[in-house]
Amino acid sequence: MKLRAIILAAGEGKRMRSKLPKVLHQVNGQPMLEHVIEAAEASRVDECIVVVGHGADAVKESIPGHIKTVLQQQQLGTGHAVMMAYDHLDDDGLVMVLYGDGPLISEATLSDLMKYHLEEGLSATVLTTELENPHGYGRILRNENNELDRIVEEKDTTAEERIVREVNSGIYCFAAASLKAALPKLQNNNAQGEYYLTDVLTIIKEQGLRVGIYKISDYEEIMAVNSRQQLAEVEAIMRLRINRKHMDNGVTIINPDHTYIGKNVIIGQDTIVYPGSSIKGKTTIGEACMIGPNSNIEDSQLADNVKIESSTITDSSVGEHTTIGPYAYLRPGSRIGRHVKIGDFVEVKNASIGDYSKASHLAYIGDAEVGRHVNIGCGVVFANYDGSKKNKTVVEDYGFIGSNANLVAPVIVRERGYVASGSTITKEVPKGSLAIARCRQENKEGWVDTKEPVKK
Ligand code: UD1
Ligand code: CA
């Protein structure tokens, strides 16, 4: 028996007032749709089908290649959207339907819903919850047996129905055959002139089949984003959820309202994260690190006891006991060793820096291999670009690069090579030697007195 998920993502999202399709608006650094796909895939569905329409190309581009898409040319309602996937439903399968604007749904709830649906032998099951303020959601109307009577959209409610606080999450489980049989019977005689998926449940019930309600207490999971205000609300919930998980694991987060951690980030015990820091992508941070304030770290690996202050690190690695910043910039491909110091206003790109080396202030280190115990002085520039291609610089172990030197690549400074400050190095510096590449100083005695007299 195949389990498929159909995710609806064709709507425009008018209330967002945006040129970007609604499901591509980001929550915690990922498009909403991606969160929904991730939850569905984690609940072990065999196949996800995304219904695209408004901004179809952009939406398709944003999702992983293995995910099927079907096009809903005109957005005639959620029921109509599911019809677009009709040909992908086989008769003995199971179908879960989700809406692309509900990014907080968890894998666990989806699995529980499916389990309930199967154990109870239902033909359709709707996930519901109770909201303090149900405004905007479809209301769950129950019959005298406390079973589902029907779902009524806010715009179609009577005053009496409007006070119902149990709402439709927009997440359902169907026996594929029941869904297939009901879809062609949908009509659009309602306030919005749309084919509502919610009516499918009534149709299935009218055929004498059992429709269940699976109600959860964590209302946050089903919160949908229809406006920018709801986007901010959902963002705050996701942020706090993730931050609480890290705090439970032994990470100190000084201000969880102002710390932004992606959901796949791993952080070790006793690390402290200061406010204004953003840690995203496939990042791993070791134990007892200090991160921030105001640091951005993405797709990077930090070992234990690393200290990062007000710096940006992308696609790089940092070894134990190393300090970065304040105001350092590690661009992609920076491989920083152990006990290294990268100080203020130092930029590193596609370069490895060996253990115990230092670049304490104001330097650019690009396309380089820097050995161990190397000192890179203030204002040193690795001139890696000749106007057409990038060239490599090597500084071997115990090298010393004096302040304000330029190393014009391709060039090598051999072991214990010493570059005098202010030099522009274009040739190899042999092992253990001093390279001076600048004019000698000349002093003109008494020269100042030959000028206009100094004003007293
Ligand atoms: C829908 C439900 C409502 C539920 C709420 C939960 C219906 C009729 N109503 O209302 O009961 O409480 O979600 O959040 O189902 N979409 C398409 N094609 C369309 C229309 C919509 O793909 O033709 C997609 C949208 O991109 C969106 C999702 O379906 O991701 C839901 O559509 P939306 O217009 O937001 O429905 P609601 O009015 O919020
Ligand atoms: Ca919605």
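Here is a short chat about the ligand site and one serine in this predicted model.

Colleague: Let's start with Ser316. Why is Ser316 called buried?

Modeller: Buried means under 20% relative accessible area. Ser316 has a relative accessible area of 5%, so it counts as buried. You'll find Ser316 in the loop between strand E22 (312–314) and strand E23 (317–318).

Colleague: And what makes the side chain of Ser316 and the backbone nitrogen of Ser334 a polar contact?

Modeller: The cut-off for a pair of N or O atoms is within 3.5 Å.

Colleague: Over to ligand 1. How do you know that Asn168 makes a polar contact with ligand 1?

Modeller: Check the distance: a backbone N or O atom of Asn168 is 2.7 Å from an oxygen atom of the ligand. For Gly100, a polar backbone atom sits 3.4 Å from an oxygen of ligand 1, and the protein covers 91% of the 760 Å² of accessible area that the ligand has on its own.

Colleague: Which residues are closest to ligand 1?

Modeller: Of the 24 residues surrounding ligand 1, the closest are Gln72, Thr78, Tyr99, Glu153 and Asn168. By class, the shell has nine nonpolar, eleven polar and four charged residues.

Colleague: What is the largest pocket?

Modeller: That's the space taken by ligand 1. Strand E1 (3–9), helix H3 (78–83) and strand E10 (166–175) each give two or more residues to the shell around the ligand.

Terms used:
Residues are numbered from 1 along each chain as its sequence is written. Chains are lettered from A and ligands numbered from 1 in the order in which they are written. This is a predicted model: local features need pLDDT of at least 70, side-chain atom pairs count only at pLDDT 80 or more; totals for chains, interfaces and linings use all residues. Side-chain values use heavy atoms; hydrogens and water are left out. A residue is near a molecule or strand if one of its heavy atoms lies within 4 Å of it. A polar contact is a pair of N or O atoms within 3.5 Å; within protein, one must be able to donate a hydrogen and the other to accept it, and residues adjacent in sequence count only if both atoms are side-chain atoms. Accessible areas come from the Shrake-Rupley method with a 1.4 Å probe; for residues, only the protein chains shown count as cover. On a 1 Å grid over the protein atoms alone, a cavity is a set of points where a 1.4 Å probe fits but cannot get out, and a pocket is an open set with protein on both sides within 12 Å along at least five of seven lines; lining residues have an atom within 4 Å of a point. A molecule sits in a cavity or pocket if more than half of its atoms lie within 2 Å of its grid points. Helices (H or I, at least four residues) and strands (E, at least two) are DSSP runs, numbered from the N terminus. Ala, Val, Leu, Ile, Met, Phe, Trp, Tyr, Cys and Pro count as nonpolar, Asp, Glu, Lys and Arg as charged, and the others, Gly among them, as polar. Buried means under 20% relative accessible area, exposed over 50%, partly exposed in between (1.4 Å probe, protein chains only).
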